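Please consult the sequence and the model while reading.

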Amino acid sequence: MPEVLKAPLVVEFPFTRSLGPVQSAFLTGLRERVVLGVKTADGRTLVPPVEYDPVTAEDLGELVEVAPTGTVTTWAWNHQPRRGQPLDTPFAWVLVRLDGADTALLHALDAPDPDAVRTGMRVRVRWAAQRAGAITDIACFEPYDGDRPEIAGHDGRFEDMVTGIVAPARLDYVYSPGRAQSAYIDSLSSRRTVGERCPSCHKVYVPPRGACPTCGVMTSEQVEVGPRGTVTTYCIVNIKARNLDIEVPYVYAHIALDGADLALHGRIGGIPYDQVRMGLRVEPVWTEGGRHPDHYRPTGEPDAEYETYKELL
Amino acid sequence: MPPIRDIAVVAFAQSDHLRTTDELSEVEMLIPVLHAVLDQTGLKTSDIGFTCSGSTDYLAGRAFSFTMALDGVGAWPPISESHVEMDGAWALYEAWTKLLTGDADTALVYGYGKSSPGSVRDVLTRQLDPYYVAPLWPDSVALAALQAQALIDAGETDEPALAGVASRSRASAVTNSHAQLRGSVDQGGYLVRPLRVGDCPPVSDGAAAVILAAGERARELCERPAWIRGIDHRIEAHGLGVRDLTDSPSTRLAAERAGAFERPVDTAELHTPFTSQEVVLRKALRLGEEVRVNPSGGALAANPIMAAGLIRIGEAAARVHRGESDRALAHATSGPCLQQNLVAVLEGDPR
């Protein structure tokens, strides 16, 4: 068996989220160096504020200002900061109950070492130099021995409210497709197409995924199929995808390679798009250095009879 | 209201849990487990009335990844199937309700996770509040460490006691051939203080499956079915700073609704990836020293994400099947710091 294939896979997306009235006020407040909480019916102040009471589920909306100073309620020392975390030097994760609040906010505390941190210690907000209306407008907390500052009693109404955030997410993987798909990709490197036959129903799956979805059993017997095949069905693509240098319209088809019991996907070329038809006989076209067929073109054979491929639609 | 039908776990199977399984796709990892659990009952996939699975796209890095795994259950011609983006324990809960309705007499439930392609600590940040918390990227170990420190501050545990939980778990796992960490494991240095390497679970690839059956069908399929006497799941506020991290009222409530406090249990399989979480759960579930906790080694010995909770139910049921337990409690968790908790009570017929 060939060596199992591996490749880096990055999943990255700028999640764009709209904010409700409470979150909008809180994050706008951070931009303006004001920390807001929300009052519950029983008189508690939740910081960070939420739109619904976590106990009663009642609507919440009465915003009140709390102090940028507070008390650590618990902490954990992070000696190896990871990507995306608030500080790139060792720091403490902290839950901080700000003065005037009844609940705690999660953030980072900039401290020289774990001996400088304890539950009950006093801290204050260190504001980010550039603020845009996000939780990261608080750069971190820092130790603070001073008095509790006076607050102006802001009501949460600002000019130019922040109504949304963009929260970039990125996860890195090293993807391995497993035994069956590795063997398939490996065979393509010598321009061969290899499927796997189900030991129970004897269907040949291309590309193979290691299992027969009908019988629920492992497949392992490798079977070379193609290179020629039959168009079983197709569609005409009229919208150009970004970063794709194929001219529209083009035809995207299901192609049953000879010997396969499942059609795979491919683009049809070498024939005007409006002349592609079910039953068209095609063969793969490889480009120099290509790791899979670039497209399929007509072989010139007579069309396949419908009866020969109707089970593969 | 008592359940209208008796439903039991009649079979349980799991993979060996390993740090990496590069040579296997998810379905390739899953199929042997599905076959093993079916073989225990003599059922074929076509005999199963309902199929439900738990997994997450964030481990695979690919959308709708569970549909590929479905190839392993023989999903054609179409079967009655569902999926939860949670631990398989919650898939089991869904299957249990399906059987209660009478729509099916048997159910196949599975959960699986390949953690090795990505970084679990980072992947799990994606389940956090996306407005106030996720942008700070607090990883799963960091959040568990906050909970551990809260327990230490409250005087409920200390680092040597946590190390004791770790060593007992890995010692118990010696008899579990599927476990990843067995025997003596060094506590190591801090990952995020106060949690050391030994307080944290291994990163695991693995899968598990159980079969549920109702009434007489269960007796036909299993010599000593593990009857689900009660099962319930509850959730806490998502704001970490709203919660008392030293307690788990959601576990307590779920246990109460599942009937866990009506009579003592002899075994508890607790889903505690971190040593400190066992401290919280022992208190919430009022487990005394006489209760055998995590004889399988628990999630500290093998932690395939999205299967580890289902495995707790399976391990508890298997002890009932073997006659090693008469009344067992199984717990599954999901989310940071024991946010969501499921409790099931399993009993064997009187002997």
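Q: In which loop of chain B does B:Pro77 lie?
A: This is a predicted model. A cis peptide bond, with omega about -5°, joins B:Trp76 and B:Pro77. As for its place in the chain, B:Pro77 lies in the loop between helix H3 (65-69) and strand S3 (81-84) of chain B.

Q: Which residue does a cis peptide bond join to A:Pro48?
A: A:Pro48 is found in the loop between strand S3 (45-46) and strand S4 (63-66) of chain A. The cis peptide bond there has an omega of about 0°, and the residue it joins to A:Pro48 is A:Val47.

Q: Is A:Arg191 buried, partly exposed or exposed?
A: A:Arg191 lies in the loop between helix H2 (178-188) and strand S11 (193-197) of chain A. Its phi is positive, near 60°, although the residue is not a glycine. Buried means under 20% relative accessible area and exposed means over 50%. The relative accessibility of A:Arg191 is 45%, so this residue counts as partly exposed.

Q: Which element gives the most residues to the largest nonpolar core?
A: The largest nonpolar core has 58 residues, and among those that touch the most other members are A:Phe26, A:Leu98 and A:Phe141. Elements that give two or more residues to this core include helix H1 (21-31) and strand S9 (138-143) of chain A, as well as helix H6 (140-153) of chain B. With eight residues, the element that gives the most is H6(B).

Notes. Residues numbered from 1 in each chain as written. Chains lettered and ligands numbered in written order. Predicted model: local features only at pLDDT ≥ 70, side-chain atom pairs only at ≥ 80, totals over all residues. Heavy atoms only, no water. Core = buried A, V, L, I, M, F, W, Y, C linked by side-chain atoms within 4.5 Å. Buried < 20%, exposed > 50% of the residue type's maximum accessible area, 1.4 Å probe, protein only. Helix = DSSP H or I, 4+ residues; strand = E, 2+ residues; numbered from the N terminus.
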